[in-house]
Amino acid sequence: MEAPHPTPAADGRPAPRTEIRLDTPERTRELGRALAALLRPGDLVLLTGELGAGKTTLTRGIGEGLGVRGAVTSPTFVIARVHPPLAAGPALVHVDAYRLDGGLDEMEDLDLDVSLPESVVVVEWGDDKVEELSDARLHVVIERATGAEGTADTVGALPPEDDGRRLVTLTGYGERWAGQGLAGLAAALG
């Protein structure tokens, strides 16, 4: 179900990468709930994937796992939504950077650097836009599994019928993620 790929972890270099295969959108939400158990205030999570890959579904699971208020939906038109915690724990700041092309300068208008220390910040489409916010970040790539064997060999090409299968690759950067049990996430899904 998973295949860790060891690489060195320190000074912003990637920690071991973990791949998890999922077969339904509900399993994607379950992964989000399991991931939430590892997240803490100050964490930055970047989500990458084509439209409809499951970025918001994963974020919905993270929100459920963190116990935040409000329905977690795509923030495409508002760009960022803050979901306060219902009990003790961090808020979830959910950002959609799809229409932002100004990089970190444009993202600074959202005050993410202010929110980051006390919140979990999840940024969809954040590649090459928000990495500078934190040396420690988790990068999650979600690909549709479209090949005959369920491999992501034609990622980006929408299959005739989306059967919900996904390949999720998690890579931690910085010391924060060097010792984290990302490889244990598949086991946590049962």
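Residues are numbered from 1 along each chain as its sequence is written. In this predicted model, local features need pLDDT of at least 70, side-chain atom pairs count only at pLDDT 80 or more, and totals for chains, interfaces and linings use all residues, while side-chain values use heavy atoms, without hydrogens or water.

The largest nonpolar core holds 28 residues. Such a core is a set of buried Ala, Val, Leu, Ile, Met, Phe, Trp, Tyr and Cys residues joined through side-chain atoms within 4.5 Å. Buried means under 20% relative accessible area, exposed over 50%, and partly exposed in between (1.4 Å probe, protein chains only). Ile62, Val140 and Leu170 touch the most other members. A second, separate core of nine residues includes Leu46, Val95, Val121 and Val130.

Seven salt bridges are found in the whole structure, each a side-chain nitrogen of Lys or Arg within 4 Å of a carboxyl oxygen of Asp or Glu. Glu64 pairs with Arg33, with closest N and O atoms 2.5 Å apart. Glu64 is partly exposed at 34%, and Arg33 is partly exposed at 30%. Arg176 and Asp43 form another bridge, at 2.7 Å from N to O. Here Arg176 is buried at 11%, and Asp43 is buried at 3%.

Arg176 also lies over the face of Trp177, 4.2 Å from the ring centre. The criterion is NZ of Lys or CZ of Arg within 6 Å of the ring centre and within 35 degrees of the ring normal. Arg137 lies over the face of Tyr173, at 4.6 Å.
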